[in-house]
Structure formats: structure tokens, C-alpha cells
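Let's take a walk through this one, starting with its open space and then turning to what is packed inside. Have the sequence and the model at hand.

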Amino acid sequence: MDELDRAILNRLQSGLPLCERPFAQVAQALGTDEDELLERLRRMLADGTLTRFGPLFDAERLGGAFTLAAMAVPPEELERVAALVNALPEVAHNYQRDHRFNLWIVLAADAPEKIAAALQRIEALTGYPVLNLPKEAEYFIGLRLHV
């Protein structure tokens with residue numbers, strides 16, 4: 001990673017300008033051009049420097065809903081249950097934790113009632129209860145990592 005890669009990553013963590021060609025505008029401010037900036041992003045995604053680059057939508061502001069859920073799954077069942085959970089379209093991702101509740105799930109849907117239905121489907125598919133942990137308050141921490 002060279003200085004231009006670092007500058008691109010540091011700049012893009014602050015968002016994109018609202019204009020017809022946001023990447024061109026950012027590139028110009030960084031002393032390069034749009035093609036070079038986009039190629040560097042593609043390269044960093046391909047080589048694993050970046051795992052994801054894209055917008056983050058607030059499902060609730062769009063009329064939808066999301067929640068965090070947790071399950072206590074026997075370790076020998078964890079892989080099978082995670083695969084069943086991941087097959088549902090409402091599941092954004094899941095991850096394992098070193099805790100009695102060892103499988104954590106993030107769900108998002110375009111309607112609040114679809115979250116409850118998805119949680120019921122997970123229980124029916126896996127045979128294990130799901131602990132629903134909906135958001136009670138939201139805090140914006142503005143996390144930016146200087147590269």
C-alpha cells in the first residue's frame with residue numbers, strides 16, 4: 001500500500017460528495033484521476049486489503065427493520081445451524097462468539113413484521129430458540145481508522 005492508497009482510504013471514510021461524479025471529485029482533490037482511484041479500489045478489494053466498499057443503508061429510515069439475535073448452539077451443531085441461518089434472505093451475517101450464546105445473527109428486512117417471521121423460521125429450521133435483542137437506543141460514534 002502506497003501513500004495514494006492510504007490517502008484514498010482515509011478520504012473515503014468521510015463519505016462521498018453529492019455530485020454527478022463523486023469519485024472524480026475525490027480523485028481530483030487527491031491529485032489523481034477517477035480511473036486510477038477506481039482501479040486502486042478494485043485492486044484493494046481483490047487482494048483483500050478491503051473486504052467491502054459500499055453504502056450502508058439504515059433499514060429503519062427506509063421503513064424496514066433490523067435486529068440482533070443470539071442462539072446457544074451445541075458446538076458440534078454450530079456449522080450446520082449457521083448454514084441454515086445464512087440461507088435466509090433476512091440474514092445480513094452471523095458470527096461465532098465465545099459465550100453461552102455462541103451464534104450471533106444480524107437480520108434486516110423491508111418490513112418490521114418480517115423480522116419476527118424470520119426469527120420463527122430460524123427456530124423451526126434449527127430446532128433451537130432464538131433470543132431477539134432489538135435496538136433500544138442508537139449511538140453514532142463516527143469511527144474512522146487512519147490508514
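By class, how many nonpolar, polar and charged residues does the lining of the largest pocket have? Keep in mind that this is a predicted model.

## The largest pocket

The count comes to 21 nonpolar, 9 polar and 5 charged residues in that lining. The space inside the largest pocket is about 1,600 Å³. A total of 35 residues line the pocket, and Arg 52, Gly 54, Leu 56, Phe 140 and Leu 143 are the closest to its centre.

As for elements, helix H1 (3-12) and strand E1 (65-71) are the ones that give two or more residues to this lining. E1 gives the most, with 3 residues.

## The nonpolar cores

Now for the packing. The largest nonpolar core has 20 residues, and the ones with the most contacts inside it are Met 71, Val 85, Leu 103, Ile 105, Leu 107 and Ile 122. At least two residues of this core come from each of E1, helix H4 (78-86), E3 and helix H5 (112-126). There's also a second, separate core of 11 residues, with Leu 12, Phe 23, Leu 37 and Met 44 among them.

Take a look at Ile 122: leaving out residues up to four places away in sequence, Ile 122 touches Met 71, Val 85, Leu 88, Ile 105, Leu 107, Gly 127 and Val 130.

## A loop asparagine

Asn 102 sits in the loop between strand E2 (91-96) and strand E3 (103-109). Is Asn 102 buried or exposed? Asn 102 counts as buried because its relative accessibility is 8%, and the cut-off for buried is under 20%. Beyond residues up to four places away in sequence, Asn 102 touches Met 71, Ala 72, Val 73, Leu 78, Tyr 95, Gln 96 and Arg 97.

Notes. Residues are numbered from 1 along each chain as its sequence is written. This is a predicted model: local features need pLDDT of at least 70, side-chain atom pairs count only at pLDDT 80 or more; totals for chains, interfaces and linings use all residues. Side-chain values use heavy atoms; hydrogens and water are left out. On a 1 Å grid over the protein atoms alone, a cavity is a set of points where a 1.4 Å probe fits but cannot get out, and a pocket is an open set with protein on both sides within 12 Å along at least five of seven lines; lining residues have an atom within 4 Å of a point. Grid points are joined across faces, edges and corners, and a volume is the space filled by probe spheres set on the points. Helices (H or I, at least four residues) and strands (E, at least two) are DSSP runs, numbered from the N terminus. Ala, Val, Leu, Ile, Met, Phe, Trp, Tyr, Cys and Pro count as nonpolar, Asp, Glu, Lys and Arg as charged, and the others, Gly among them, as polar. Buried means under 20% relative accessible area, exposed over 50%, partly exposed in between (1.4 Å probe, protein chains only). Contact means heavy atoms within 4.5 Å. A nonpolar core is a set of buried Ala, Val, Leu, Ile, Met, Phe, Trp, Tyr and Cys residues joined through side-chain atoms within 4.5 Å.
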